[in-house]
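Dear colleague,

My notes on what was found in it follow directly after.

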Amino acid sequence: MWSELTKAIATFDIPADWIGIRAVKENTTTCYVRDGLPQANGKTSTVGAMLEVLVNGCLGYAATNSLELPSLQAAAQTAYKQALAASEWWIYPFRESERPKVIGEYNSPFLEPLDALNRGEINDLLVRVCKTLKVNDKIVQTTANANTTERETWFVSSNGSEVYQKIISLGTHYGVIAQDAGIVQQRTNNGSQANCYQGGWELLQLENLWHRVQQIGEQAIELLTAQECPNTRTNLVLAPDQMMLQIHESVGHPLEIDRILGDERNYAGGSFVNKTDFGKLVYGSPLMNITFDPTVPGEFASYAFDDTGAVATKEYVIKAGVLQRGLGSLESQARAGIPGVACARACSWNRPAIDRMANLNLEPGNASFAEIIADIEHGVYMESNRSWSIDDRRYKFQFGCEYAQLIENGKLTKTLRNPNYRATTPEFWHSLIQISDASNWQMYGTPYCGKGEPNQAICVGHGSPVCVFANVEVFGGGG
């Protein structure tokens, strides 16, 4: 593929300063079972290329669903004309240095390839999950699904870039709805679609799978008779599966440089963070260390190069509570004068790459989970996101969880239902008083982070240990 794409660039009769081609082949499968009955078995395949052309400091784009030479040539001409027309009104003059020459390869780690199980075997496994979830007649609905993606990307450029990346990923989900009289409770495995990773079928067939499936059903029944979460200010302990959303919404999105510049204000929103805050703003407590790290093996958004060829490296975006750098591509970094990361990413061949978070992780501390709980006289421990609401500046938020337990005198005691909490982003992260150690660090992912016009839903990974936040407003109710 490299040679064909490189030869194509050589045939383009356009006076461009730089030309790039990103070709993508992607195959996805979906299996969905509800109440023990298969509901969907889908498979999709797409192929195409995005042509990017730099002319007079302006970038133009055009996509084609054919990798044949005439189609690539036509797309290059379209991208050139767009760049030339727009160059009269550019807001920042880009240079070839925003598209450096890179050569390399990346392959997702896996043990069992995606063709190790046939469709019948997958459905049989999901049916068994649903049957195991139904621990009681008060379980009124069971669901289980598994989604796979195999994506190959070739990136070549007129200045000699040659990058190949193959990403294999698996996302699984199962959960129940329990009902007794007027009480309805939901319980899932770590929240909605959170178990997403790079790898093969080994990610589903884990040793503790059936214990966990049974536990989810039992906890749903437990929630039906649990007492309501109290309305109070107290110590809030969040499990890693809820920290995933907390990091995503109150750290990831507000640090995207294109949002800070105002590019996303019309759709995804802006940010309470300003360009002048980098290197100065105390975002949270000294325990807060957030890294952008696409190099973590198996995390959902790992890669070696972003979609414009920038080399992916681990970088601290917040260190000891102080804001260090933004989540912005080489283009955004040049425009804003802010240090960023390799995060220009596109959801498909027919979308241009824009600033996106990838793996954004909270680094572990030193305390064990038992030590954290033992130090708390009163608090609430929460797991698994159920609902979320946050303003378009990513400042004020309210999140709800599926499952909670009261902490009294250093022990987990009563189960609580309908737990929620609210705060502002700076207030919340400044209240971080304890972080558990690496033994409690867990990573999750989401395939549905939406942004951009036209919209791009993209995969994101987040890792975190258990965390304690002091004097947080918690409350009960439906969220």
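Helix α3 passes helix α4 in a right-handed crossing. Please bear in mind throughout that this is a predicted model.

**Helices α3 and α4**

Helix α3 covers residues 119–133 and helix α4 covers residues 209–224. Their axes are 8 Å apart, and the two helices pack at an angle of about 40°. That angle makes α3 oblique to α4. On the α3 side, the contact is made by Leu-125, Arg-128, Val-129, Thr-132 and Leu-133. On the α4 side, the residues are Trp-210, Val-213, Gln-214, Ile-216 and Gly-217.

**Helices α1 and α2**

A second pair is formed by helix α1 (residues 2–11) and helix α2 (residues 69–86), whose axes come within 10 Å. These axes cross at roughly 50°, and α1 and α2 are therefore oblique to each other. The crossing of α1 and α2 is right-handed. Leu-5, Ala-8 and Thr-11 of α1 make the contact with Leu-69, Leu-72 and Gln-73 of α2.

**Annotated domains**

The record places "domain: Metalloprotease TldD/E central" at residues 113–224. Over residues 113–224, the chain is 28% helix and 43% strand, and the end C-alpha atoms are 40 Å apart. For residues 233–448, UniProt lists "domain: Metalloprotease TldD/E C-terminal". That span, residues 233–448, is 17% helix and 33% strand, with its end C-alpha atoms 32 Å apart.

**Cysteines**

How many disulfides does the structure hold? The model contains zero disulfides. Cys-196 is in no disulfide, and the nearest cysteine sulfur, that of Cys-459, is 8.7 Å away. Is Cys-196 buried or exposed? Cys-196 has a relative accessible area of 2%, so it is classed as buried.

With kind regards

Note on methods:
Residues are numbered from 1 along each chain as its sequence is written. This is a predicted model: local features need pLDDT of at least 70, side-chain atom pairs count only at pLDDT 80 or more; totals for chains, interfaces and linings use all residues. Side-chain values use heavy atoms; hydrogens and water are left out. UniProt positions are given in the numbering used here, feature names are shortened, and annotations may be inferred rather than shown by experiment. Helices (H or I, at least four residues) and strands (E, at least two) are DSSP runs, numbered from the N terminus. A disulfide is a pair of cysteine sulfur atoms within 2.5 Å. Buried means under 20% relative accessible area, exposed over 50%, partly exposed in between (1.4 Å probe, protein chains only). Axes are lines fitted to C-alpha atoms, for helices over the stretch in contact, and angles run from 0 to 180 degrees between N-to-C directions. Angles under 35 degrees count as roughly parallel, over 145 as roughly antiparallel, 65 to 115 as roughly perpendicular and the rest as oblique. A crossing is left-handed if the near helix is turned anticlockwise from the far one by less than a right angle, and right-handed if clockwise. Contact means heavy atoms within 4.5 Å.
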